[in-house]
Amino acid sequence: MQESEVIIERRGTAGIIRLNRPRALNSLTLAMIRTITEALNGFARDADVATVVATGEGERGFCAGGDIRALHESARAGDGLAGTFWREEFRLNHMIAVYPKPYVALMDGITMGGGVGLSSHGRHRIVTERTRLAMPETGIGYVPDVGATWLLPKAPGEAGTWLGLTGLDIAAADAIYAHLADLQIASSRLAEVIETLSGLPRGSSSGDVDGVLQVYAEPPGESRLRHNATMIDRAFRFDSVEEILAALAGEDGEFAAETRRVLLTRSPTSLKLALQLLRAGRSSGSLAECLGRELGACLQMLDNPDFFEGIRAAVIDKDRNPKWSPASVEAVKAQTVENFLKPAEPPLLL
């Protein structure tokens, strides 16, 4: 019998959601999103559940994001599954953000894209010494989604812009610095954390949960983003990718040089659109507003050649050598970016 892709269980007063595709780094399918949504609804109604804990099976990752191979195939077939996936995923992200009970995400190992959506919107976000967090979408001809354009602008200075444009992965200390996580706990103690949370009394508050988590917390070490904050703020304060690249070219040091090298490998169209979405998110009034804007952009991406080329290079042929069209940020027309910002039809209903 095939094992479930999401294991739902009750342990004491804790409702446990265990992503169970370890060989695929627990990447999300539509069926998984629906199972998680149903479980959260059930736990919210259950008076005996005090806390909900989300975790990933295997030692490599919490969740590496959506199953982009399936999204690629859906877009090629035009069967509408990709659009359905994003709509239901975004509704789940919003549900987590407003969830009525303490929600604890254990971001152990790789936490990317949709994995960030399952964790960083929660009330209690735990990273470990193994955490590698990223929003890597510009590298596959896509854009930061799952409410990232709401989360990233809330990072200190321009750290969120750096994360959203480069798509580079960061460690636990950086995730905490960027306000995408709250505490670091050793991976070896996570089972003990779950056991302790399962013993909390009915009706426990987020303060009660935080008290438990603080007992296990450890210093996260130095943040690379914090260390380079002055340079990041100086180079990424601009509202055009061209100006950011020019500013990086004038900076000294390997961090700035590495950042610029990485940006030049990303989809130029994705970079321009991502920057516009991040700037719009900075002035938005709610997560729902950002999710709605992201959905419109995502649906337009289904007609974008860079989306297919990026996934081909990353997961189909795995040659890591995408041929972007157009190939430079200077060649991306303003109207092209504007077209991605059309509202989704039908709009996202939360």
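Helices (H or I, at least four residues) and strands (E, at least two) are taken here as DSSP runs and are numbered from the N terminus. The model is predicted, and for that reason local features need pLDDT of at least 70 and side-chain atom pairs count only at pLDDT 80 or more, while totals for chains, interfaces and linings use all residues. Residues are numbered from 1 along each chain as its sequence is written, and side-chain values use heavy atoms, with hydrogens and water left out.

Three strands make up an open sheet with parallel pairing, in the order β4-β6-β8, where two strands count as paired if DSSP finds at least two bridges between them. Its edges are β4 (61-63) and β8 (132-134), each of which pairs on one side only. From one strand to the next the twist averages 15°, with axes defined as lines fitted to C-alpha atoms, for helices over the stretch in contact, and angles running from 0 to 180 degrees between N-to-C directions. Between β4 and β6 (residues 110-112) the parallel pairing rests on two bridges, and I110 of β6 is the bridge partner of G61.

Leaving aside neighbours within four places in sequence, L25 is in contact (heavy atoms within 4.5 Å) with R60, G61, F62, C63, A64 and I110. L25 is buried, at a relative accessible area of 16%, on a scale where buried means under 20%, exposed over 50% and partly exposed in between, for a 1.4 Å probe and protein chains only. From C-alpha to C-alpha, L25 lies 8.4 Å from G56 in space, although the two are 31 residues apart in sequence.

Grid points are joined across faces, edges and corners, and a volume is the space filled by probe spheres set on the points. The second largest pocket has a volume of about 220 Å³, and among its 15 lining residues T55, G56, L190, A191 and I194 are the closest to its centre. Of the elements that contribute to this lining, α8 gives the most, with three residues.

The largest pocket has a volume of about 960 Å³ and a lining of 35 residues, with A64, I68, I140, A314 and V315 nearest its centre. Helices α2 (68-77), α3 (81-97) and α16 (305-316) each supply at least two lining residues, and the largest share, six residues, comes from α16. By class this lining holds 18 nonpolar, nine polar and eight charged residues, where Ala, Val, Leu, Ile, Met, Phe, Trp, Tyr, Cys and Pro count as nonpolar, Asp, Glu, Lys and Arg as charged, and the others, Gly among them, as polar.

Some backbone details remain. In the loop between α16 and α17 (334-339) lies P326, joined to S325 by a cis peptide bond with omega about 0°. V146, in the loop between β8 and α5 (148-151), has a positive phi of about 45° although it is not a glycine, and V146 is buried at a relative accessible area of 1%.

How values were computed:
1 Å grid on protein atoms, 1.4 Å probe; cavity = no way out; pocket = protein on both sides within 12 Å on 5 of 7 lines; lining within 4 Å.
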